[in-house]
Amino acid sequence: MFSAEHRPPQGQAGERIERLWARSMTASIVVLLGVIVFTSAHWGLHPPSRVETIDSTSLHKGGEFSEGNLGTSIAPDGSAVVRVVAQQYAFVPSCVLVPADVPITMRLASADVVHGFLIQGTNVNAMVVPGYVTTVRTTFAESGERLMPCHEFCGVGHQAMWAHVRIVDAKQFPSEDAKAKAVSCG
Ligand code: CUA
């Protein structure tokens with residue numbers, strides 16, 4: 001089957017090559033783990049380790065993700081909290097209104113299956129898994145309009161699932177209203 005020069009190495013030569021491969025594989029695993037640890041520490045990346053659970057089947061019945069609570073609220077410390085429900089096939093609210101230059105905590109929950117979301121032109125990009133709350137912290141430096149599509153295949157209507165994020169100057173944002181109740185642009 002093998003010609004003389006293509007026969008696999010036997011005996012000691014074979015063992016030596018096996019050991020060489022085992023060592024180089026171990027070395028690559030160590031290097032990859034090192035890259036993960038380095039980027040996490042150096043770039044402040046947050047691997048999805050923080051687990052906060054929620055009953056996805058009863059979001060509409062009350063609590064943090066009830067309808068009246070969805071949208072943007074201003075917390076007592078002046079930061080903004082955006083609450084969004086992802087469901088087949090829309091985000092609620094479908095237009096998220098946020099102030100520029102204000103620290104923002106986005107909290108998302110899914111009402112049914114796995115969804116994902118990203119905000120174009122930013123590093124906001126996460127999955128929304130039923131049973132868990134997804135939390136992302138960000139600050140938008142400039143005002144403007146950005147798209148927020150679902151990027152996790154969630155069914156036949158997946159490609160039509162997206163929201164707008166409208167970033168307005170902090171002075172134009174209805175902060176007083178948002179201290180009392182969540183606001184949105186649609
Ligand atoms: Cu939701 Cu794709």
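Modeller: Keep in mind that this is a predicted model. Where would you like to start?

Biologist: Why is H164 called partly exposed?

Modeller: Its relative accessible area is 28%. Buried means under 20% and exposed means over 50%. The value for H164 falls in between, so H164 is partly exposed.

Biologist: Where is H164 found?

Modeller: In strand β10, which covers residues 162–168.

Biologist: Which residues is H164 in contact with, leaving aside its neighbours within four places in sequence?

Modeller: S94, C95, V96, E145, R146 and L147. The C-alpha atoms of H164 and L147 are separated by 4.8 Å, although the two are 17 residues apart along the chain.

Biologist: What makes the link between the side chains of H164 and E145 a polar contact?

Modeller: The distance is 3.5 Å. A polar contact needs a pair of N or O atoms within 3.5 Å, one able to donate a hydrogen and the other to accept it. The pair of H164 and E145 is listed as such a contact.

Biologist: Which strands form the open sheet, and in what order?

Modeller: The order is β4-β10-β9, with mixed pairing. From one strand to the next, the twist averages 25°.

Biologist: Which residues stand opposite R166, I167 and V168 in β10?

Modeller: E145 stands opposite R166. G144 stands opposite I167. P99 stands opposite V168.

Biologist: How do you know that C95 and C185 form a disulfide?

Modeller: Their sulfur atoms are 2.0 Å apart. The cut-off is within 2.5 Å, so the pair qualifies. The structure holds one disulfide.

Biologist: Which parts of the chain does the pair link?

Modeller: Distant ones. C95 is in strand β4, C185 is in the segment after α2 (175–180), and they are 90 residues apart.

Biologist: Why is this disulfide called left-handed?

Modeller: The torsion about the S-S bond of C95 and C185 is about -85°, so the disulfide is left-handed.

Biologist: Are C95 and C185 buried or partly exposed?

Modeller: C95 has 6% relative accessibility, under 20%, so C95 counts as buried. C185 has 26%, between 20% and 50%, so C185 counts as partly exposed.

Biologist: What about C150 and C154, buried or exposed?

Modeller: C150 is at 6% relative accessibility, which makes it buried. C154 has a relative accessible area of 6% and is buried too.

Biologist: Why is H158 called buried?

Modeller: H158 is at 16% relative accessibility. The limit is under 20%, so H158 counts as buried. H158 is found in the loop between β9 and β10. Not counting residues up to four places away in sequence, H158 touches Y89, C150, H151, E152 and F153.

Biologist: And why is T139 called partly exposed?

Modeller: T139 is at 43% relative accessibility. T139 lies in the loop between β8 (134–138) and β9. Beyond residues up to four places away in sequence, T139 touches D101, V102, P103 and I104.

Biologist: Which residues of the largest nonpolar core touch the most other members?

Modeller: F91, V98, M106, L108, F117, M148 and V165, out of 32 residues in that core. β2 (80–87), β4, β5 (104–110), β7 (125–128) and β10 each supply at least two residues of this core. There is also a second, separate core of six residues, which includes L59, F65, L70 and A109.

Biologist: What does F91 touch, not counting residues up to four places away in sequence?

Modeller: Its contacts include V84, L108, F117, M148 and W162.

Technical notes:
Residues are numbered from 1 along each chain as its sequence is written. This is a predicted model: local features need pLDDT of at least 70, side-chain atom pairs count only at pLDDT 80 or more; totals for chains, interfaces and linings use all residues. Side-chain values use heavy atoms; hydrogens and water are left out. Helices (H or I, at least four residues) and strands (E, at least two) are DSSP runs, numbered from the N terminus. Buried means under 20% relative accessible area, exposed over 50%, partly exposed in between (1.4 Å probe, protein chains only). Contact means heavy atoms within 4.5 Å. A nonpolar core is a set of buried Ala, Val, Leu, Ile, Met, Phe, Trp, Tyr and Cys residues joined through side-chain atoms within 4.5 Å. Two strands pair if DSSP finds at least two bridges between them. Axes are lines fitted to C-alpha atoms, for helices over the stretch in contact, and angles run from 0 to 180 degrees between N-to-C directions.
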